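Here is a quick, friendly tour for anyone meeting this structure for the first time. Have a look at the sequence and the model, then read on.

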Amino acid sequence: MDQFKRAIITSVWFMFLTFPLMVIRVNTIEKVVQWRFMNMLYVGVGAFIFSYVWRYLLSKRQVGEQQEEAGAGGKAGFLHRLSSDRRVYAPVLAGILVAAACFPLVGTMYQVNIMITALIYVVLALGLNIVVGLSGLLVLGYAAFYAVGAYTYALLNHHFGLGFWTVLPIGAGLGAFFGILLGTPVLRLRGDYLAIVTLGFGEIVRLVLENWGEVTQGPSGVSGISRPSLLGMKLSVSDSTVYMYYIMIGLVLLTIFVVNRLKNSRIGRAWMALREDEIACQAMGIDKTKTKLTAFALGAAWAGLMGVVFAGKTVFVNPASFTFLESAMILAMVVLGGMGSIVGVVLGALVLILLPEFLRDFSLYRMLIFGAAMVVVMVLRPQGLVTGQRQKYRVKVKEAVAAHE
Amino acid sequence: MDYFFELFFSGLTRGSIYALIAVGYTMVYGIIELINFAHGEIYMIGAFTALVVAGVLTALGFPALAILAIALAAAIVWSAAYGFTVEKIAYKPLRGAPRLSPLISAIGMSIFLQNYVMLAQTPDFLPFPRLMPELPLGPLQSYIGSSGVFIILATAVSCAGLTLFIKFTRMGKAMRATAQNSKMAMLVGVNVDRVISLTFIIGSALAAVGGVLIASHVGQINFMIGFLAGLKAFTAAVLGGIGSIPGAMLGGLVLGWTESFATGYVSSDYEDVFAFLLLVLILIFRPSGILGKPPTQKV
């Protein structure tokens with residue numbers, strides 16, 4: 001009964017809250033007022049259900065926390081068992097690879113194009129995952145590094161006619177350079193300040209691109225960028241799309257490989273240690289600035305790399321592609337997928353890009369749902385879709401004992 | 001010299017609005033050490049509520065002054081309600097969580113509220129009615145419009161009221177105690193949950209005042225206005241020293257003048273760049289701001 005009363009109160013409260021914005025719409029020029037009372041009903045019913053679901057989930061979270069404290073929460077999830085047993089995950093991975101390789105033979109041009117976009121975001125999200133997920137540095141201006149890469153290729157190609165493969169490493173290098181440039185002064189800031197400064201940096205880069213017309217051609221952007229060439233051959237549009245798709249598959253595999261190796265390396269463990277506790281980490285003799293800077297530079301390098309690919313794919317870049325929303329989207333992929341988990345981030349990026357493509361009506365509500373999902377995930381399941389796993393080392397007790405003796 | 005005064009007053013008007021919003025950031029930060037990312041959106045919601053209410057009242061044929069008063073009151077009430085609800089949903093369950101969690105949740109809330117207003121109202125720019133009456137200003141008229149005078153006066157009154165409230169009331173005392181050490185405050189019988197709610201309510205109400213005034217001054221609004229305004233107000237709060245209320249007011253004014261003079265004398269293309277540069281510089285050279293104290297790191 002208490003639950004019911006609370007749900008009623010929540011429902012009434014939300015009806016009151018959304019009354020001016022959901023119900024009334026005014027046209028200030030023609031002085032016409034439009035009343036939409038049906039919306040109020042929807043909000044009321046929605047809030048009533050929301051109240052029950054929210055309370056149920058919150059109480060479930062509490063139970064889970066208590067279990068974990070009592071030590072009973074060691075039950076490995078389905079995905080964990082999947083990823084820890086080689087006999088299970090090897091065929092699954094092989095299957096995914098074969099499917100990915102065959103995709104352009106089955107899919108239409110349009111579908112292949114969407115897949116390329118999705119794969120670009122997979123790599124971007126993995127790059128941001130190094131900074132946010134592994135090192136715990138919240139960067140809100142990631143799109144700025146992406147823009148650096150895209151404009152590097154666009155301008156070098158436009159003015160000097162440099163090709164895709166030449167610029168690819170330059171883009172990544174410039175991305176890393178900008179990462180270090182921004183990172184050096186701001187990395188001693190605490191988490192929340194860092195977030196805002198990187199957000200400001202992202203806006204500065206976008207505004208400079210928009211206003212520095214002589215170099216960047218202003219808001220209208222750079223067009224007519226050449227597509228990547230294959231051994232000097234000129235490809236048709238559809239062939240080059242397929243070619244781009246395979247390039248992206250290659251880059252995704254490379255990124256997953258590198259990030260996975262990094263994660264279990266000395267520097268990767270240093271990142272995770274810094275994320276957990278800076279002071280303790282310094283006491284263990286880890287150079288804080290250098291470690292953070294490496295994370296920053298590596299994350300930015302991946303964004304620069306993808307910028308070049310993006311410019312080569314769309315053959316047109318303008319500042320509007322690199323707004324804060326872009327950064328927020330990539331962040332949402334990392335957060336929803338599971339910070340620090342490679343499988344999670346890949347899934348997060350694919351779901352967030354492909355879902356709106358399948359559900360056309362959904363695209364209008366896309367950002368609304370992403371925003372809400374970020375809140376819900378943080379409150380109810382901070383580890384995201386897939387929990388990031390730590391490398392575990394086992395000491396073989398018998399041998400150790402034998403060696404000791 | 002005329003040009004100088006013109007820029008001076010335009011900076012003062014702008015800075016007052018930044019100060020009003022910055023106070024909300026600084027109060028919340030002072031109490032729970034969280035950057036309330038959704039604060040800019042609360043300001044935007046205040047402006048939209050005022051627009052909707054003013055539209056209805058105009059259609060009903062109310063006199064101008066009554067419209068201003070009712071629209072402002074409605075904006076304050078609803079903004080405060082939104083601020084209260086946002087805290088309950090997105091921040092309260094995350095107390096004691098790692099620092100990154102409430103921050104991400106705040107960003108999610110901000111994106112959600114932007115898109116909610118866009119879908120519920122419109123993605124286009126809306127003309128905002130001129131609610132503030134014309135004042136006989138005499139020679140001052142050429143430097144500052146009557147809406148500018150309203151903005152400066154309203155900011156002064158709100159800030160003075162807030163300072164008195166925090167200094168002399170019981171609740172103000174509880175707020176100061178919570179800001180110093182929330183656990184100790186709880187031990188001596190302060191209802192910390194209520195203090196936090198009140199902080200959000202007051203901050204949101206001030207942001208709503210700022211939203212209505214600036215929307216009426218500029219003459220148009222859009223669901224994105226909260227993003228830039230929030231960012232700049234945050235800059236102002238950091239500039240003055242986050243956590244300090246006089247600092248937020250001072251920071252707002254300094255930022256307003258910096259922007260106004262820089263666009264007036266240097267270049268108007270890079271208006272927003274100056275604010276961000278100032279933010280980056282202040283964080284590098286004096287992260288504790290003008291009036292703030294350097295924080296101690298705790299293990």
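Neighbours within four places in sequence aside, Asn157(A) is in contact (heavy atoms within 4.5 Å) with Leu162(A), Gly224(A), Ile225(A) and Ser226(A). You'll find Asn157(A) in helix α6 of chain A, residues 142-160. Helices here are DSSP runs of H or I with at least four residues, strands are E runs of at least two, and both are numbered from the N terminus. Asn157(A) has a relative accessible area of 10%, so it is buried. For that word, the cut-off is under 20% relative accessible area, while exposed means over 50% and partly exposed is in between (1.4 Å probe, protein chains only). Along the sequence, Asn157(A) and Gly312(A) are 155 residues apart, but their C-alpha atoms are 9.8 Å apart in space.

A word on the ground rules: this is a predicted model, where local features need pLDDT of at least 70 and side-chain atom pairs count only at pLDDT 80 or more, while totals for chains, interfaces and linings use all residues. Residues are numbered from 1 along each chain as its sequence is written, chains are lettered from A and ligands numbered from 1 in the order in which they are written, and side-chain values use heavy atoms, with hydrogens and water left out.

Now for chain A as a whole. It has 17 helices and four strands, and 46% of its 405 residues are buried. Take the contacts between residues at least 6 apart in sequence: 76% of them join residues at least 24 apart. Chain A exposes about 20,500 Å², with carbon and sulfur atoms supplying 66% of that; the areas come from the Shrake-Rupley method with a 1.4 Å probe.

Two helix pairs are worth a look. Their axes are lines fitted to C-alpha atoms over the stretch in contact, and angles run from 0 to 180 degrees between N-to-C directions.

| Helix pair | Angle | Axis distance |
|---|---|---|
| α14(A) (324-337) and α16(A) (366-380) | about 40 degrees | 10 Å apart |
| α5(A) (109-134) and α13(A) | roughly 165 degrees | within 7 Å |

The crossing of α14(A) and α16(A) is left-handed, meaning that the near helix is turned anticlockwise from the far one by less than a right angle. Residues of α14(A) that take part include Leu325(A) and Met329(A), and those of α16(A) include Phe370(A) and Arg366(A). The contact of α14(A) with α16(A) has 12 nonpolar residues, no polar ones and one charged. Here Ala, Val, Leu, Ile, Met, Phe, Trp, Tyr, Cys and Pro count as nonpolar, Asp, Glu, Lys and Arg as charged, and the others, Gly among them, as polar.

α5(A) also passes α13(A) in a left-handed crossing. Among the residues in that contact are Asn113(A) and Ile116(A) from α5(A), with Trp302(A) and Lys313(A) from α13(A).

What does Thr241(A) touch, leaving aside its neighbours within four places in sequence? The list is Met109(A), Val112(A), Asn113(A) and Ile116(A). Thr241(A) sits in helix α10 of chain A, residues 237-263, and counts as buried at 6% relative accessibility.

Finally, Val315(A) isn't a glycine, yet has a positive phi of about 50 degrees. Val315(A) is in the loop between α13 and β4 of chain A.
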